Structures are given as structure tokens and as C-alpha cells.
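User: Hey, I've just opened this one and I'm new to it. Can you walk me through it?
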Amino acid sequence: MNGLHLIADLHDCRCTPGLLLDAPRLEAYCVDACQRHGLTVVGRLFHAFRDATDQPAGVTGTVVLAESHLALHTWPEIAAVTLDVYVCNFSGDNSEQAKALFAEVIATFQPDRIEQSAVHRGRLSQDKDKPA
């Protein structure tokens, strides 16, 4: 279960506003980014939402990885994105690939403000001093 989970809330994103609404474009970008960073894509699902007046209203997307996943949710009405990248480190340490992917996706959305955290998962209390 040893892994790294990177989580971010991206505020005031300055990317092209249409990116926050375009599920096919986000899917293609996320899949390509995962592959470029050496992660193994095994599935994907991106869903575009519509509001009560049938206007585009954001996207939820997940790329399932052999190593775990990338997930994002866009909030175009407030120019925001929630992002998480989680990788397991069972057969090898994928932490650097996760960090590079995470940084690239954040840069793509161009947020003015970022709240982020990293969680080292699956470590037993006696393993807390060992690197993930």
C-alpha cells in the first residue's frame, strides 16, 4: 500500500476558460501527460456536466493507472480545479513521476492560488521515518 497522494485545489485559473468545459480535450491531455511521465494508463472516464439551463457546467475526469490514478474536477463558474494524483510504490518508487505529472497539470491550468498537500499512504507507524 506504500504510495504518494498529491492533492491540490487550484483557484483563479488563468487557462483558456474553455479548457474547464472540454471533457474530450481534458481526457486527451491527461492521458498523454500520464504516459509522458512514465505511468501506465489502464482506463479513463471523463464526464461533462450541464447546468439547469443545459449549458456546460464543468468536467469530472479520472485516468486509472496501473500505479493508481489521476482525478480532476473543474469548476468553470469560479475558475477552479480540484486535482489529485495518487501512485502506489509497490514494485518501484513512482513518486518522482507523480510529482512531475502533478506539477505539469497545475501549470496547465495556470492558477493564481494553490492549496496543496502530499500524503504518504499505507505506511505503518514504525515505518514513518523511512522514505516513501
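User: Before anything else, what counts as a helix here?
Analyst: A helix is a DSSP run of H or I with at least four residues, and helices are numbered from the N terminus. Keep in mind that this is a predicted model.

User: Okay, where do lysine 99 and glutamate 96 lie?
Analyst: Both are in helix α2, three residues apart, which is about one turn of the helix. Lysine 99 and glutamate 96 also form a salt bridge, with their closest N and O atoms 3.4 Å apart.

User: Are those two buried or exposed?
Analyst: Glutamate 96 is exposed, at a relative accessible area of 54%. Lysine 99 comes out as partly exposed, at 41%.

User: How many salt bridges are there?
Analyst: The count is seven. One of them pairs the side chains of aspartate 12 and arginine 113, at 3.3 Å from N to O. Aspartate 12 sits in strand β1 (residues 3–13) and arginine 113 in strand β6 (residues 111–121), so this pair ties together parts that are 101 residues apart in sequence.

User: And how accessible are they?
Analyst: Aspartate 12 has 33% relative accessibility, so it counts as partly exposed. Arginine 113 is partly exposed too, at 44%.

User: What does arginine 36 meet in a salt bridge?
Analyst: That would be glutamate 104, with 2.8 Å from N to O. Glutamate 104 belongs to helix α2 (residues 95–109) and arginine 36 to helix α1 (residues 23–36), so the bridge links parts that are 68 residues apart in sequence. Arginine 36 is partly exposed, with 47% relative accessibility.

User: Switching to strands: how do β2 and β3 run?
Analyst: They run antiparallel, with eight bridges joining β2 (residues 41–50) to β3 (residues 56–65). If you want a spot to look at, glycine 43 stands opposite valine 64 in β3.

User: What's in the hairpin of β2 and β3?
Analyst: There are five residues between the strands, and aspartate 54 takes a positive phi near 65 degrees in that hairpin.

User: And what joins β3 to β4?
Analyst: A hairpin does, through two residues. These strands run antiparallel as well, with five bridges between β3 and β4 (residues 68–75).

User: Which residue in β4 is the bridge partner of glycine 61?
Analyst: Leucine 72 is the partner there.

Conventions
Residues are numbered from 1 along each chain as its sequence is written. This is a predicted model: local features need pLDDT of at least 70, side-chain atom pairs count only at pLDDT 80 or more; totals for chains, interfaces and linings use all residues. Side-chain values use heavy atoms; hydrogens and water are left out. A salt bridge is a side-chain nitrogen of Lys or Arg within 4 Å of a carboxyl oxygen of Asp or Glu. Buried means under 20% relative accessible area, exposed over 50%, partly exposed in between (1.4 Å probe, protein chains only). Two strands pair if DSSP finds at least two bridges between them.
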